[in-house]
Amino acid sequence: MEIIEKRIIMDKAAVNRSLTRIAHEIIEKNKGVEDIIIVGIYRRGVSLAERIVKRIKEIEGKDIKMGKLDITLYRDDLTTLGDQPIVRGTEIPFDIVGKKIILVDDVLYTGRTVRAALDAVMDLGRPELIQLAILVDRGHRELPIRADFVGKNIPTSKNEVINVKLEEVEGVDEVILGEAK
């Protein structure tokens with residue numbers, strides 16, 4: 001599938017503002033940062049989670065635990081990923097029972113990635129609650145899932161795509177609206 005880039009929706013400054021706002025909203029909604037664990041969903045969700053943790057520390061002056069979640073084996077489309085899907089491994093080396101988990105990912109689309117992440121988290125224990133932080137919500141849900149914290153809502157058509165690029169992965173921070181051809 002060929003992707004034709006149409007326009008930049010968010011530049012570096014917009015991405016940074018969104019992540020700062022999300023950090024403030026997480027603190028406000030949870031009345032502080034007690035018992036919070038930020039968990040990034042591989043790949044770009046991990047980079048976003050690291051940035052949110054850094055901002056929360058700048059705001060609150062407290063360290064927050066952070067984990068990395070690999071949902072590959074929980075996906076409902078695993079058989080379509082090829083013979084050898086890349087499994088990175090989950091890194092959550094602490095107990096999540098009774099904690100407030102904030103899942104972080106780059107784009108919320110159908111909700112299937114989040115459903116897989118919920119299954120993966122629940123296999124590790126029973127948190128007090130799970131909230132979802134997303135940089136971009138593009139709509140078109142197939143499952144009854146919504147984000148608690150959203151950087152930007154970008155309504156799209158089914159043939160459009162959202163391409164998130166982050167400095168840690170691609171060397172640049174931007175969100176691009178494209179079209180699949």
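**Exercise 1. Locate the annotated motif and describe its chain.**

Step 1. An unreviewed UniProt entry lists residues 101-113 as "short sequence motif: PRPP-binding". UniProt positions follow the numbering used here, feature names are shortened, and annotations may be inferred rather than shown by experiment. Residues are numbered from 1 along each chain as its sequence is written. The model is predicted: local features need pLDDT of at least 70, side-chain atom pairs count only at pLDDT 80 or more, and totals for chains, interfaces and linings use all residues, while side-chain values use heavy atoms, with hydrogens and water left out.

Step 2. The stretch 101-113 is 62% strand and 15% helix, and its end C-alpha atoms are 16 Å apart. Helices (H or I, at least four residues) and strands (E, at least two) are DSSP runs, numbered from the N terminus.

**Exercise 2. Determine the order of strands in the open sheet and identify its edges.**

Step 1. Five strands, in the order E3-E2-E4-E5-E6, form an open sheet with parallel pairing. Two strands pair if DSSP finds at least two bridges between them.

Step 2. Strand E3 (65-69) and strand E6 (149-153) each have a single partner strand, so one side of each is left without a neighbour in the sheet. From one strand to the next, the twist averages 25 degrees.

Step 3. Strand E2 (residues 36-41) runs parallel to E3, joined by 5 bridges; Val39 has Gly67 in E3 as its bridge partner.

Step 4. Helix H1 (residues 12-29) packs on this sheet, touching E2, E4, E5 and E6, and its direction makes about 150 degrees with that of E6. Contact means heavy atoms within 4.5 Å. Axes are lines fitted to C-alpha atoms, for helices over the stretch in contact, with angles from 0 to 180 degrees between N-to-C directions.

**Exercise 3. Trace the surroundings of Arg44****.**

Step 1. Arg44 belongs to helix H2 (residues 44-60), and H2 lies across E2, E3, E4 and E5.

Step 2. Beyond its neighbours within four places in sequence, Arg44 is in contact with Asp106, Val164, Leu166, Val169 and Glu170.

Step 3. The Arg44 side chain reaches the backbone oxygen of Val164 at 3.0 Å.

**Exercise 4. Describe strand E8 and its partners****.**

Step 1. Strand E1 (residues 3-10) joins E8 antiparallel through 6 bridges, and Glu5 stands opposite Gly178.

Step 2. Strand E7 (residues 160-165) also pairs antiparallel with E8, over 6 bridges; here Asn163 has Ile176 as its bridge partner.

Key: A polar contact is a pair of N or O atoms within 3.5 Å; within protein, one must be able to donate a hydrogen and the other to accept it, and residues adjacent in sequence count only if both atoms are side-chain atoms.
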